[in-house]
Amino acid sequence: MGLYRAVARPLFSSLPPEAAHRLAQSILSLPLPWERIGGTPKDPALRTSLAGIELSNPIGLAAGFDKSCRHLDALGRLGFGYVIGGTITREPRAGNPKPRIARYPGRGSMTNAMGLPNPGAEAATRTLSRSPSSGPRLASIADQELNEVIVTHGLLEPNVDGFELNASCPNVSWGRDRDNEAHLALLMRELGARRTRPLFVKLPPFRSDVERRAVLALASIAQDGGADGLTCSNSRPVSDRRLSVGAGGLSGRALFPDTVRIVGDVRTTTEGALPINACGGVFSAADALACLDAGATTVQVYTGLIEGGPRVVRDIVRGLSEALNGRSLAPATSPGQDGTRPGTFRRGFGTTASAAERRPGPARGPGGRPAAGGSQALR
């Protein structure tokens, strides 16, 4: 990571945000030894199961980094336990006008108003069908109309291990203005009759009591509709005049204290019956431990990969391994985390309801892969 911080990160930071991202994507297209570059150790103690999807470790790549699904193999080989491509919509989307990313130097955060640019479901399906898989891969999906979500899901399903339903994108009008509760209930009902892969619902964040009640209502709707898990949370809507549309979704370190709190609240609301993927501001092993201790089964990284480079997964996994071995780990003190300290580490972090307590899910998918169920304790 020293070389990345000394050379690569200053280079990326000197470029406009989208140009830097295109450069990173181009590098990921190269036939490089990504396993060696990532250097992530294999620790059997960190293996876990996410709704029947077997993971080598609980660190996932969040949706949005690889919107086209072209680089999931290289990203997986860096050492992620799983990777998420997309968000994918039925038809190709150009997204919002530029500029649509605003950085906050020194704060480890940024706001994006991308508007879900992606090649569309058919192109993503072709890409996935031709790409090798280095490990579990999921697709993030979203759309304005029910039938579009259903078609996208059906096209992608043979080529992924599961889905993350983006029910809360702040960067498209239909993600903000519709009746999200009714829409989610309808989606869960229609997808439940068709799917054979695990489905995770990505919830919006909350800060006020009103927002909390609304989000926890969505969590209950997802649970009652048969979701196999939840992701907490999406980016937080904020205003920024540098963006062409004047507002976007905040991501990075600034979200971390909320992430830990939200994971705990959602876990309490669902009574631990569903696995939770923590997403928002995870940069270090201490951050990951705080989320896992709050009740998450996995943690997802995005801005942390941009800030820390290709070995951030290695560093987080090593830190988790050390914690399992009883070694001390310094609490997170990164800027923007408001002094939040990780909770007390437990060897049984990430557990959910026992197998006997879980609600039955959809039938097993092709190849006998379980399509539903809670997570297991890291073992």
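A: Ser68 touches Pro119 and Thr127, not counting residues up to four places away in sequence; contact here means heavy atoms within 4.5 Å. This is a predicted model, so local features need pLDDT of at least 70 and side-chain atom pairs count only at pLDDT 80 or more, while totals for chains, interfaces and linings use all residues. Residues are numbered from 1 along each chain as its sequence is written, and side-chain values use heavy atoms, with hydrogens and water left out.

Ser68 sits in the loop between β3 (59-61) and α4 (72-77). Helices (H or I, at least four residues) and strands (E, at least two) are DSSP runs, numbered from the N terminus. Ser68 counts as buried because its relative accessibility is 13%; the cut-offs are under 20% relative accessible area for buried, over 50% for exposed, and partly exposed in between (1.4 Å probe, protein chains only).

Now look from the other side of that contact. Thr127 belongs to helix α5 (residues 121-130), and its relative accessible area of 19% is why Thr127 is buried too. Leaving aside neighbours within four places in sequence, Thr127 is in contact with Ser68, Cys69 and Arg70.

Two strands pair if DSSP finds at least two bridges between them. For β3 and strand β4 (residues 82-88), which run parallel, there are 2 bridges. Gly60 has Tyr82 in β4 as its bridge partner.

The neighbouring residue Ile59 is one of the members with the most contacts in the largest nonpolar core: of 68 residues, Ile59, Leu165, Val201, Leu203 and Val266 touch the most other members. Helix α13 (residues 312-324) gives the most to this core, with 7 residues. Apart from it lies another core, of 9 residues, including Leu50, Ala51, Ile84 and Phe200. A nonpolar core is a set of buried Ala, Val, Leu, Ile, Met, Phe, Trp, Tyr and Cys residues joined through side-chain atoms within 4.5 Å. In soluble globular proteins, nonpolar side chains tend to be buried together. Leu165, for its part, touches Ile141, Val149, Leu184, Leu187, Met188, Leu199, Phe200, Val201 and Lys202, again not counting residues up to four places away in sequence.

Back to α13, which is mostly covered, with 10 of its 13 residues buried. Among them are Val312, Val313, Ile316, Val317, Leu320 and Leu324, plus Arg314 and Ser321. These buried residues pack against β3, as well as α3 (34-38), α11 (285-294), β14 (298-301) and α12 (303-308).

Pro310 lies in the loop between α12 and α13. At 25% relative accessibility, Pro310 counts as partly exposed. Leaving aside neighbours within four places in sequence, Pro310 is in contact with Tyr4, Ile37, Gly38, Leu78 and Leu305. Pro310 and Glu35 are 275 residues apart in sequence, yet 10.0 Å apart in space, C-alpha to C-alpha.

Among contacts between residues at least 6 apart in sequence, 73% join residues at least 24 apart. The protein has 13 helices and 14 strands, and 56% of its 379 residues count as buried.
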